[in-house]
Amino acid sequence: MRLRSIVLAVAAMGVLSSSPAFAGAVLDRIMQNKKMVMSTDPEYPPQSSLNASNKFEGFDIDVGTEIAKRLGVSIEFVTPGWETIVSGKWAGRWDVSVGSMTPTKARAEVLDFPAIYYYTPAALAVNSANTTIKTPADASGKKIGVGAATTYENYLRGDLVIDATGAPKFQFVVKDAKIQSYDTDVPALDDLRLGDGTRLDAAMTALPTIQGAIKNGYPIKVVGEPLYYEPLAVAIEKGDPELHAKIAEIVKAMQDDGTLGKLSEKWYGVDLTKPAA
C-alpha cells in the first residue's frame with residue numbers, strides 16, 4: 001500500500017489537531033459527524049482500488065464499510081501515504097485505517113490495533129518467462145521489487161518481526177536481495193511484467209495481490225510456497241479506549257456471524273479470516 005495523493009475527501013478530513021487522540025474523542029467525533037473517515041489506497045487490489053466508475057472497491061473497503069454501517073454512520077475515504085499512516089500522528093485527518101496493516105510492536109508504539117480481521121500469505125512472483133527462480137531461495141541476491149515501508153521490505157532486509165498473537169513462525173529464505181522499493185506494491189508488479197530481468201528479477205507482496213494481477217493478464221507467476229503469513233489489523237490512533245473497544249466488538253461480531261468470511265470468499269475465493277495452520 002502505499003504513497004498516493006488523490007484529492008477525494010479533503011473536505012471530510014475532520015478537525016485538525018496536533019495532539020494524539022484523547023479518551024473517547026475520536027469515537028465522539030465519528031458519532032457527532034455521523035461519518036467515519038477511513039484511510040485507504042486507490043491502487044492495492046483486491047484489498048482496495050478505484051474502479052472504472054471512480055468508486056472504491058475491495059476487501060478492505062467492504063470491511064470498513066461494514067464497520068461504519070454497524071456504528072450507524074456513513075463512510076468516507078482518504079488516501080494518505082502508507083508511510084504517513086504507519087507513523088501515527090494522524091492529527092484528526094482520518095479516524096481509522098482498515099488497510100491490511102500488520103500489527104508489529106514497533107507500530108504499536110504509535111498506533112492501537114483493536115482487531116485482527118484476516119491473515120494473508122506473503123509470496124514471491126517472477127515473470128512468466130523466468131526459468132531459473134524455482135523456489136524463493138533461488139531469488140537470493142536478485143533484484144526484487146517491494147512496496148516501501150511494508151513487511152515485505154522488512155523481510156528482504158532480514159529484520160522482519162511479526163509478534164502479533166496467532167502469527168505463524170517463518171524463516172528468512174531469501175538472502176542478500178537487491179531491494180527496489182516503490183511507493184506501493186503494484187508498480188513493482190508493473191515493472192516485473194515488462195520482462196524477465198528487464199527491471200526486476202522478482203517482486204514480493206501479498207499472494208492475493210499477485211493473483212489479482214495474474215487475473216488481469218499480467219505475465220507473472222507465483223514461486224513456491226508463501227514466505228510467511230501475517231495477521232492484518234484495523235488500526236487507530238493511540239488514546240481512545242472507547243473506539244478501540246467498539247471496533248473490537250464489531251469485528252468480533254462480524255467474525256461470529258460469518259460476515260468476514262463471506263467478504264473474504266467474495267474477494268479472495270477463500271476464507272483468510274482464520275489463522276493459517
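In helix α9 (residues 259-268), the buried residues are Thr259, Leu260, Gly261, Leu263, Ser264 and Tyr268; buried denotes under 20% relative accessible area, exposed over 50%, and partly exposed the range in between (1.4 Å probe, protein chains only). Helices (H or I, at least four residues) and strands (E, at least two) are DSSP runs, numbered from the N terminus. The model is predicted: local features need pLDDT of at least 70, side-chain atom pairs count only at pLDDT 80 or more, and totals for chains, interfaces and linings use all residues. Residues are numbered from 1 along each chain as its sequence is written, and side-chain values use heavy atoms, with hydrogens and water left out.

**Overall form**

- The protein chain contains nine helices and 11 strands.
- A compact globule of 277 residues would have a radius of gyration near 19 Å, and the 18 Å of the protein chain agrees with this. The radius is taken over C-alpha atoms, and the globule rule is 2.2 Å times the number of residues to the power 0.38.
- The C-alpha trace of the protein chain spans about 60 × 40 × 35 Å along its principal axes.
- Of the 277 residues, 52% count as buried.
- The protein chain exposes about 12,100 Å², of which carbon and sulfur atoms supply 52%. Accessible areas come from the Shrake-Rupley method with a 1.4 Å probe, and for residues only the protein chains shown count as cover.
- Among contacts (heavy atoms within 4.5 Å) between residues at least 6 apart in sequence, 76% join residues at least 24 apart.
- There are 29 positive and 33 negative side chains, and the centres of the two sets lie 2 Å apart. Lys and Arg count as positive and Asp and Glu as negative, while His and the chain ends are not counted. The place of a charge is taken as NZ of Lys, CZ of Arg, CG of Asp or CD of Glu.

**Domains**

- The domain assignment gives domain 1 (25-118 + 231-268) and domain 2 (120-230); such bounds come from an automatic or database domain assignment.
- The centres of domain 1 and domain 2, taken over C-alpha atoms, are separated by 25 Å.
- In the contacts between the two domains, 18 residues of domain 1 meet 21 residues of domain 2.

**Helices α6 and α9**

- Helix α6 (residues 185-192) is largely enclosed by the rest of the structure, because six of its eight residues are buried. These are Asp185, Val186, Ala188, Leu189, Asp191 and Leu192.
- The cover over the buried residues of α9 includes α2 (59-71), β7 (111-127), α7 and α8 (241-256).
- After α9 comes Gly269, with a positive phi near 75°.

**Backbone geometry**

- Most residues other than glycine have a negative phi, and most peptide bonds are trans.
- The peptide bond from Pro45 to Pro46 is cis, with omega near 5°. Pro46 is placed in the loop between β2 (43-44) and β3 (48-50).
- Ser100, in strand β6 (residues 96-101), has a positive phi near 55°. Ser100 counts as buried, at 7% relative accessibility.
- Asp176 also has a positive phi, near 55°, and is found in the loop between α5 (151-157) and β9 (178-182). At 68% relative accessibility, Asp176 counts as exposed.

**Individual residues and their surroundings**

- Tyr218 occupies the loop between α7 (207-215) and β11 (220-237) and counts as buried at 15% relative accessibility. Neighbours within four places in sequence aside, Tyr218 is in contact with Val186, Leu189, Asp190, Arg193 and Ala213. Val186 and Leu189 are among the buried residues of α6.
- Although 90 residues separate Tyr218 and Ser128 in sequence, their C-alpha atoms are 8.8 Å apart in space.
- Thr102 is in the loop between β6 and α4 (105-108), and its relative accessible area of 1% makes it buried. Leaving aside neighbours within four places in sequence, Thr102 is in contact with Arg107, Phe113, Thr151, Ile162, Glu230, Pro231 and Leu232.
- Lys105 is in helix α4 and counts as exposed, at 60% relative accessibility. Lys105 and Asp163 are 58 residues apart in sequence, with 6.7 Å between their C-alpha atoms.
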